[in-house]
Amino acid sequence: IDITVKGKQKNLLKNRLIDVVKPRSVSSVSANKTKPSDNVSRQRSRTSHESNSPSPPIISIENIDPFELPDRETVKLQKFGKLLAGPNTDLDHLRNLSWSGIPSSVRATTWQLLCGYLPANIDRREETLKRKRQEYLNFIDQYYHTRSDPVHKDTFRQIHIDIPRMNPNIPLFQQQIVQECFERILFIWSMRHPASGYVQGINDLVTPFFVVFLSYYISGDKNPETYDMSQLSEHIRKMIEADSFWCLQKLLEGIQDNYTLAQPGIQYKVKALKDLIKRIDVSLDSHLMNNSIDYLQFAFRWMNNLLMREFPLRCVIRLWDSYLSERDGLAVFHVYVCAALLSHFSQMIREKKDFQETMLFVQNLPTKEWTDDDIELLLAEAFQLKYMFADAPGHLQHK
C-alpha cells in the first residue's frame with residue numbers, strides 16, 4: 001500500500017499503527033529498548049534448565065518506523081508475537097496466519113498449538129508441557145525394556161533398520177544419539193497403537209518435528225541439519241524427544257487408516273488423486289494409462305511418506321506450515337498438493353516415451369533444488385484446485 005502522509009498526520013497514523021500491532025507484554029520490556037531481532041535470538045538460543053516450556057517471543061516495535069516499510073517477515077513476526085502472547089490464542093486466526101508460512105523463531109510453539117499438543121490458554125502451557133514430557137518418560141520406563149521380547153523384537157529390528165536410511169545426506173540423522181531418540185519414539189508409538197503398530201514411512205514423519213523443536217534450542221546462525229546433538233544437555237534432548245513423540249501422535253490421529261492393515265487410507269487417497277487428475281489434466285492421465293502406469297506405483301510413497309522423499313527437508317517444513325494450518329491438511333489437502341505436483345510436471349512427463357522413462361521420472365522428480373518459493377507456488381496451485389472442486393468434492397468422499 002502506497003501512502004503519502006506528512007507532518008502531524010504522519011505521527012498520528014504512526015502512533016495508531018504501533019498501538020494496533022504492539023504485543024500486550026511490550027510495555028514490560030520497552031524500557032530496555034530491545035530490538036526485535038535481539039529478542040528473537042535470545043528466545044531461540046535459550047537452553048536453561050529452568051525453562052521447561054517454549055514461550056512466544058516478546059517483540060518490541062517501538063523503535064520501528066512503520067513508514068520505513070519493514071520487510072514482510074518482520075511484519076509477520078510481529079503478528080505472531082501479538083497472537084501467541086495473548087491470554088488465549090485464537091486458533092482460527094493462528095491457522096490463517098500460519099498458512100502462508102511461519103517465522104522460524106516461533107515455529108516450534110506454533111506447530112505445538114496447531115497440532116493440539118499445547119492448549120490455547122497461555123497460563124496452562126507450562127504445566128501441560130511438564131506433565132506430557134513426564135508422561136513420555138514414564139512410557140520409556142514402561143515399554144522400552146520390552147524391545148528384546150520375542151513378541152516385539154521384529155518390530156524393533158525393523159525400526160532399527162529403517163532409521164539410518166532416512167535422510168542419509170543429513171548429518172543430524174546419522175548421529176547415534178539422534179537415532180536412539182527415534183528408536184524410542186517409534187517403538188513406544190507402536191506399543192501404544194497396536195492396531196497398526198510400526199509401519200515403514202512413519203519414521204520419516206518424525207523428522208520435521210525433531211528439526212523444528214531442535215531449532216528452538218539452538219542459536220539462529222546454526223544449521224540444525226548439521227548440529228551436534230551432544231552439545232545440548234540431556235534435559236533438553238529429552239524435551240525435544242518428548243515433544244516430537246506427542247506431535248507425531250497428534251499428526252497420525254488424522255491419518256491412522258494410512259497405516260492399519262492393508263493401508264486403506266493410502267489406497268483411497270491414491271484413487272482420489274487419479275480421479276482428480278482425470279478431471280484437471282486428461283492428457284496426462286491418458287499418457288500414464290497408455291504406458292500401463294498405475295498411480296499406486298509412484299503415488300503410494302507420496303501418501304505413505306507425505307512427500308518427505310520428494311523435497312528437501314527445509315521445503316517439507318514449509319509445506320507442513322500449511323498442512324498443519326488446514327483442519328484436514330494431511331487427509332484431504334495433501335491429495336490436492338500431490339495433484340498440483342503431478343500437474344506441474346505434466347508436460348515433462350508426457351514427453352517421456354515409454355513405461356520405463358515415465359516411471360523413472362515420476363519416481364525421481366527434479367525437486368531436489370526447490371526452495372520455499374517453489375513450495376509456495378505449489379501450495380497456491382493446490383489451494384486453487386481445492387476451491388475449484390469445493391462444491392463437487394466427490395473424488396474425495398468415501399464410497
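Helices (H or I, at least four residues) and strands (E, at least two) are taken as DSSP runs, numbered from the N terminus. By this assignment the protein has 18 helices and 0 strands. The model is predicted, so local features need pLDDT of at least 70 and side-chain atom pairs count only at pLDDT 80 or more, while totals for chains, interfaces and linings use all residues. Residues are numbered from 1 along each chain as its sequence is written, and side-chain values use heavy atoms, with hydrogens and water left out.

Of the 399 residues, 52% count as buried. Buried denotes under 20% relative accessible area, exposed over 50%, and partly exposed in between (1.4 Å probe, protein chains only). The protein exposes about 19200 Å², by the Shrake-Rupley method with a 1.4 Å probe; for residues, only the protein chains shown count as cover. Carbon and sulfur atoms supply 48% of that area. Contact means heavy atoms within 4.5 Å. Among contacts with a separation of 6 or more, 74% join residues 24 or more positions apart.

Helix 12 spans residues 282–290. Its residues Leu-284, Asp-285, His-287 and Leu-288 are buried. Viewed down the axis of helix 12, the buried residues fall within an arc of 160°, so they line one face of the helix. The arc is that of the directions from the helix axis to the C-beta atoms. An α-helix has 3.6 residues a turn, so residues three or four places apart point the same way. Val-282 and Asn-290 are exposed, on the face of helix 12 turned away from its buried side. Cover for the buried residues of helix 12 includes helix 11 (264–280), helix 13 (295–304), helix 15 (329–344), helix 16 (346–350) and helix 17 (355–363). Ser-292, with a positive phi near 60°, follows helix 12.

Glu-183 lies in helix 8 (residues 176–192). Glu-183 is buried yet has no salt bridge. A salt bridge requires a side-chain nitrogen of Lys or Arg within 4 Å of a carboxyl oxygen of Asp or Glu. Lys and Arg count as positive and Asp and Glu as negative; His and the chain ends are not counted. Neighbours within four places in sequence aside, Glu-183 contacts Tyr-144, Phe-156, Ile-159, His-160 and Ile-163.

Arg-95 belongs to helix 4 (residues 91–98). Arg-95 counts as buried because its relative accessibility is 17%. With neighbours within four places in sequence set aside, Arg-95 contacts Leu-114, Ser-325 and Arg-327. Arg-95 and Arg-327 are 232 residues apart along the chain, yet their C-alpha atoms are separated by 8.7 Å.
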